[in-house]
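Subject: Structure handover

Hi,

Here is the structure I promised to pass on. Please open it first; my notes follow below.

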Amino acid sequence: MSRRFLFLLGSSRADGNTELLARRAAEQLPEGTEQQWISLSEHPLPDFEDLRHDSDHVRPREGAAALLLDATLAATDVVIASPLYWYSVSAHTKRYLDYWSGWLRTPGLDFKATMAGRTLWGVTALAHEEQVVADPLVGTLRNSAAYMGMRFGGVLLGNGSRPGDVLRDTGALARAKTFFAQRAPLARFPYETD
């Protein structure tokens, strides 16, 4: 299967620092690599309704849920590009991940089996100089990938608060050049040992 990248933009602001960093990393993908970019703020999902124990799960056929489900299933590589909001992913991003719970139980999807072996990546910009404050965001993505049996490519971190600041983060821009070139390992929960 040739690689197909889905970039999910979780910011409330277009062309923010996280998106700029994600686009710099995407520029390094081999020519011809399919890319789909979706702004979660432009395709808002309704609040997630937990119907895990109901039997009325149906595949969405229209709207943002159908668009995002189809794009997710078509991707070999899912890139969550979410700014660090209150030390974790944005509300738009969290709502998208909540929808995975419903898709896991939708008859005929085999969502977990379909996503197993694919790769989850993260890109974020934060205003803090100490990158350790992004650990909750990294943990959310890593643990989600581990639960799904996916690979986890890690999170490309950049520094920036005002629009465009991240373009002055030379370390982040250097990491962006090789970020998607690495082979992502199978995701593991922190408590799992080799």
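Start with helices H2 and H3. This is a predicted model. The axes of H2 (residues 63-74) and H3 (residues 91-104) come within 11 Å and cross at roughly 80°. That crossing falls in the 65 to 115 degree range, so the two helices are roughly perpendicular to each other.

Which residues make the contact? From H2, they are Ala 65, Leu 68, Leu 69 and Thr 72. From H3, they are Tyr 96, Tyr 99, Trp 100 and Trp 103. By class, this contact has 7 nonpolar residues, 1 polar and no charged ones.

Now H3 on its own. The helix has 14 residues and spans 20 Å from first to last C-alpha, close to the 20 Å expected. Its buried residues are Thr 93, Tyr 96, Leu 97, Tyr 99, Trp 100, Gly 102 and Trp 103. H2 is one of the elements that the buried residues of H3 pack against. They also pack against strands E1 (4-9) and E3 (77-81), and against helices H4 (111-115) and H5 (135-148).

On to the whole chain. The protein has 6 helices and 5 strands. From the N terminus, the order is β-α-β-α-β-α-α-β-α-β-α. The C-alpha atoms fill a box of roughly 50 × 35 × 35 Å along the principal axes. The radius of gyration is 16 Å, which agrees with the value near 16 Å for a compact globule of 194 residues. Buried residues make up 48% of the 194. Of the contacts with a separation of 6 or more, 81% join residues 24 or more positions apart.

Best wishes

Terms used:
Residues numbered from 1 in each chain as written. Predicted model: local features only at pLDDT ≥ 70, side-chain atom pairs only at ≥ 80, totals over all residues. Heavy atoms only, no water. Axes fitted to C-alpha atoms, helices over the stretch in contact; angles between N-to-C directions. Helix = DSSP H or I, 4+ residues; strand = E, 2+ residues; numbered from the N terminus. Parallel < 35°, antiparallel > 145°, perpendicular 65-115°, else oblique. Contact = heavy atoms within 4.5 Å. Nonpolar A, V, L, I, M, F, W, Y, C, P; charged D, E, K, R; others polar. Expected span 1.5 Å × (residues − 1). Buried < 20%, exposed > 50% of the residue type's maximum accessible area, 1.4 Å probe, protein only. Rg over C-alpha atoms; globule rule 2.2 N^0.38 Å.
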